[in-house]
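Hi,

Here is the structure I promised to pass on. Have a look at it first, and then read my notes below.

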Amino acid sequence: MTTPALSVQNVSHSFGAFRALDDVSLTVPRGSFTALLGVNGAGKTTLFNLITRLYANRSGVIEVAGHDLRRDPGPALRRLGVVFQSRALDADLTVQQNLMYHAALHGIPRSKARARVAEVLAQVDLADKAGAKVSALSGGQVRRAEISRALIHRPELLLLDEATVGLDVKSRAEVLALTRRLIAEQGVSALWATHILDEIAPSDRLVILHRGRVLFSGRAARAAPDGDLTRAFLELTGVPA
């Protein structure tokens with residue numbers, strides 16, 4: 001399909017006099033890993049809040065799988081799976097109970113939900129943790145469980161906002177590898193917001209957001225032909241080394 005998983009065109013957003021996003025445009029092609037790179041305060045979370053309709057976009061156009069978020073929000077949101085920075089699972093419930101509840105929110109009949117829960121837990125390598133309370137999981141396991149929650153309704157696009165924050169190096173690598181594997185094996189697309197440059201591969205699509213503006217959009221290798229993405233990022237943004 002030629003329709004992108006996500007299209008953001010000329011979107012701005014302000015909080016009073018502060019302009020958090022300024023004429024932002026970006027595209028996430030189908031089946032792609034697109035990294036949204038920016039320091040804290042660049043506007044990444046504001047953009048995610050607009051895409052998920054936690055904030056209403058009053059300028060520009062946001063389309064998810066061809067559905068205009070403002071004119072046709074239901075079909076657009078049904079095609080989204082979201083992993084926010086803040087934890088979204090009830091720590092006192094088991095992983096399965098959390099996912100069954102989320103399946104019910106998406107209107108999945110209980111007769112089908114158990115099989116779907118088992119399926120997504122297998123996809124994130126947590127089949128053996130279905131009966132464990134979330135409070136008993138490691139940080140990396142919690143993140144993988146949250147990704148399984150985001151997958152429960154078979155979305156076409158995953159939004160992951162700083163999904164590796166607070167994780168150790170091993171867990172961070174596992175969550176990143178899992179996301180890439182889901183793209184390759186399940187055909188989903190992903191917009192991966194991060195401030196960590198070494199999470200980005202040269203072949204990834206890259207959008208650099210700084211102070212609410214897009215400074216670069218294209219292959220990461222094009223941003224840094226010499227392979228030094230850190231240097232390229234610092235030169236583009238003027239952030240002190």
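Let's start with R53, which sits in the loop that links α1 (44–51) to β4 (61–64). Helices (H or I, at least four residues) and strands (E, at least two) are DSSP runs, numbered from the N terminus. Before going on, note that this is a predicted model: local features need pLDDT of at least 70, side-chain atom pairs count only at pLDDT 80 or more, and totals for chains, interfaces and linings use all residues. Residues are numbered from 1 along each chain as its sequence is written, and side-chain values use heavy atoms, with hydrogens and water left out.

Back to R53: its phi is positive, near 65°, and it is a residue other than glycine. Most residues other than glycine have a negative phi. R53 is partly exposed because its relative accessible area is 35%; buried means under 20%, exposed over 50%, and partly exposed in between (1.4 Å probe, protein chains only).

D23 has a positive phi too, about 55°, although it is not a glycine. This one belongs to strand β2 (residues 18–28). With 40% relative accessibility, D23 counts as partly exposed.

Now for a pair of helices. α3 (residues 95–105) and α4 (residues 110–123) pack at an angle of about 125°, their axes 9 Å apart. Axes here are lines fitted to C-alpha atoms, for helices over the stretch in contact, and angles run from 0 to 180 degrees between N-to-C directions. That makes α3 oblique to α4; under 35 degrees is roughly parallel, over 145 roughly antiparallel, 65 to 115 roughly perpendicular, and the rest oblique. From α3, the contact (heavy atoms within 4.5 Å) takes in V95, Q96, L99, M100 and A103, while α4 brings R110, A113, R114, V117, V120 and L121.

What about helix α8 (residues 229–237)? Its buried residues are L229, A232, F233 and T237. Seen down the axis of α8, they fall within an arc of 115°, so they line one face of the helix; the arc is that of the directions from the helix axis to the C-beta atoms. Among the elements covering these buried residues are β3 (33–37), β9 (205–210), β10 (213–219) and α7 (220–223). Just after α8 comes G238, with a positive phi of about 75°.

Last stop: D128, in the loop between α4 and α5 (139–151). D128 counts as exposed, at 64% relative accessibility. Its C-alpha atom is separated by 31 Å from that of A35, 93 residues apart along the chain.

Cheers
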